[in-house]
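Here is a short tour of an interface and of the charged pairs around it. Have the viewer open and follow along.

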Amino acid sequence: METNITVDTKGMACPMPIVKAKKALDGLQSGQIMEVLSTDKGSVNDFQAWVKQTKHELIKHEEENGVYKFYVRKI
Amino acid sequence: MTTALVGMTAQELTSIVLNKEELFILDVRNDSDFNDWKIEGESVTSVNIPYFDLLEGVDEALGSIPEGKKVLVVCAKEGSSKFVGEQLVEAGLNEVYYLEGGMKSWSEHLEPVKIGDLKDGGSIYQFVRIGKGCLSYMIVSNGEAAIVDTLRMSDVYEKFAAEHQLQIKYTIDTHLHADHISGGRKLADKVGATYWLPPKDADEVVFQYDKLEEGQVLTVGSTKLNIQAVYSPGHTIGSTSLIVDDQYFLTGDILFIESIGRPDLAGKAEDWVGDLRNTLYNRYKELSDDLIVLPAHFGKITELGEGGKVSARLGDLYYSNPGLNMHDEAEFRRAVTGNLPQQPNAYQEIRQTNMGKITPSDEEQREMEIGPNRCAIHDK
């Protein structure tokens, strides 16, 4: 997937993954896509709830070798 | 009055809950985690605002915090609660705390509460896992101890035994647990005790154990304190209750204070419902009304009595417990098989772990036990 920015939060604990993701998303144009990498299992639910709340679009999320990847399109 | 953010331990929070001190909790986890499981207490009020709604400021939270109350910010581990708590302090709030270790620590805290004395001078203690609703027991007599339904945090019992100069002789599980990982085998191996489990629950276990069977009598201490096993199937096919010192009745997950055990966690509700009925409506009825029931769980925080004790006289439960008052068998069958609460988190993996079939890491075990126990038919 073509992404406009990758936010690497591997090794970080709550709330940092979402703090970083929010900052990056604020800098994007509408329609652009952000990729977030995280190793914090607890952030999976939080991330989904946050994207839903902010009305952006969670295109997909997946897990690969303990790394969670989220793809968010800015609305 | 504190003007800086201060950590509160799970133990400190436990004493606040047990002493019914007023506390306002701002829970900053996401709403599904909050709705699934939260800190409860008769004097505790809580509000849920996820931390990701407070990234740009805490005004929304400030509006919901009552003036002059002690505030505890809670999250899953502790990072987000510190993040929010610090902003509350900056906004000028006094007496702001965060829960050290978050809900994980809350889930793991065990509070030892003395239940009473035994005839030979020994005692029985209830270890209350207040965050998850699990209850386990230590029976102490003449320098020896037996532990019933040992929880995963086995170091707590070990420390308690060392402080009281006790040798742990037995660890006993009343049944194969589905809501929490047993610490019984691990502790027994470590301190040279024997681990007891009902054989009918142990078909698939892959380790050595001693068979806890009807009529078995175990003794603790030199003066022969008796622990008598009573076969009482229903929650599981092997479920076995224990009568201690002819006074205390450890009912495992068969009979609770305000509810009864669910028969479905091994996928055999239809097969076991008859056993459950027979145990509760016949088997237990033959026993003395004066036995003090000590269950393996509580469902609601209101079940905690003085000092955190969870207990009741068996005869009284035949009046007050709705699970013992369904006189129509068909009604009973419906109540314990249909419309049951959601199963405990990861219950199948927990059963596999307790059989020794899988060996998750400590961190994985912790994750598996997240959430309430949900072993009773009336749990939400």
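## About the model

This is a predicted model, in which local features need pLDDT of at least 70, side-chain atom pairs count only at pLDDT 80 or more, and totals for chains, interfaces and linings use all residues. Residues are numbered from 1 along each chain as its sequence is written, chains are lettered from A and ligands numbered from 1 in the order in which they are written, and side-chain values use heavy atoms, with hydrogens and water left out.

## Where chain B meets chain A

On the chain B side, 12 residues are in contact with 13 residues of chain A (contact means heavy atoms within 4.5 Å). About 1100 Å² is buried between the two chains, with carbon and sulfur atoms giving 59% of that area; buried area is the accessible area (1.4 Å probe) that two parts lose on being put together, summed over both. Tyr51(B), Phe52(B) and Leu55(B) supply 43% of what chain B buries against chain A, more than any other three residues.

The rule finds two salt bridges across this interface, where a salt bridge is a side-chain nitrogen of Lys or Arg within 4 Å of a carboxyl oxygen of Asp or Glu. Asp40(A) forms a salt bridge with Lys77(B), with the closest N and O atoms 2.9 Å apart.

## Salt bridges within the chains

Over all chains, the structure holds 29 salt bridges. In chain A, Glu64(A) pairs with Lys69(A), and their closest N and O atoms are 3.5 Å apart. Glu64(A) is partly exposed at 44% relative accessibility, whereas Lys69(A) is buried at 18% (buried is under 20% relative accessible area, exposed over 50%, partly exposed in between, with a 1.4 Å probe and protein chains only).

In chain B, Asp36(B) and Arg374(B) form a salt bridge with closest N and O atoms 2.6 Å apart. Asp36(B) lies in helix H2 (residues 31-36) and Arg374(B) in the segment after helix H12 (362-368), so the pair ties together parts that are 338 residues apart in sequence. Helices here are DSSP runs (H or I, at least four residues) and strands likewise (E, at least two), numbered from the N terminus.

## A buried pair and its network

Arg129(B) and Glu369(B) meet in a salt bridge at 2.7 Å, N to O. Arg129(B) sits in strand S7 (residues 123-129) and Glu369(B) in the segment after H12, 240 residues apart. Arg129(B) is buried at 0% relative accessibility, and Glu369(B) is buried with a relative accessible area of 0%. A network of salt bridges links residues including Arg129(B), Arg152(B), Glu363(B) and Glu369(B).
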